[in-house]
Amino acid sequence: MTTLKSKLQADLNAAIKGRDELRSSTLRLTLAAVQKEEVAGTQKRELSDDEVQKVIAKEAKKRREAADAFAQGGRAESAEREKAEGEVLAEYLPKQLSDDELRQIVARAVEEAKAAGAEGPRAMGQVMKIVNPKVAGLAEGGRVAAEVKKRLAG
């Protein structure tokens, strides 16, 4: 078992013993998603820590989107629950880049793309190819794309 998956399992056991309903239900769902990913495809396999982290990130994104949907639908209690679950999952993810750090990385990538002859909005793909490996797991794709668009437009 990978170290991150075993940490999730140990934390789930601790949450159950401590009668922490929010944490235990969140971790149960996350472990179920990990197991589902392990059996997806033609052959069962063990996920690496990076793959487990991607599953956790996907689950956290689902929680954020659900919280937004509940908030827009006027269901504040459900939105708060989803936000709380997202905060539990955030503990297992690497710290996200700040806006300033992301701006600096994107600015350097835009300069690299310009040096290679790509300018304007059409350079979006080239800049994203440079930026994505540097920010993988540290920033959401939507945030990165918005920053790249802003840089290329301005």
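Exposed means over 50% relative accessible area, buried under 20%, and partly exposed in between (1.4 Å probe, protein chains only). Helices (H or I, at least four residues) and strands (E, at least two) are DSSP runs, numbered from the N terminus.

The model is predicted: local features need pLDDT of at least 70 and side-chain atom pairs 80 or more, while totals for chains, interfaces and linings use all residues. Residues are numbered from 1 along each chain as its sequence is written, and side-chain values use heavy atoms, without hydrogens and water.

Next, select Val-144, Ala-145, Glu-147, Val-148 and Leu-152, the buried residues of helix 7. They fall within an arc of 165° seen down the axis, so they line one face of the helix. The arc is taken from the directions from the helix axis to the C-beta atoms. Now show helix 5 (99-115) and helix 6 (124-135): the buried residues of helix 7 pack against them. Contact here means heavy atoms within 4.5 Å.

Move to helix 4 (residues 76-90). Its 15 residues reach 21 Å from first C-alpha to last, close to the 21 Å expected. The expected span is 1.5 Å times one less than the number of residues. Buried residues here include Ser-78, Glu-82 and Leu-89. The buried residues of helix 4 pack against helix 2 and helix 3 (49-72).

Last stop: Arg-19, in the loop between helix 1 (3-17) and helix 2 (21-39). Arg-19 has a positive phi of about 55°, although it is not a glycine. Most residues other than glycine have a negative phi. Is Arg-19 buried or exposed? Arg-19 is exposed, with a relative accessible area of 76%.
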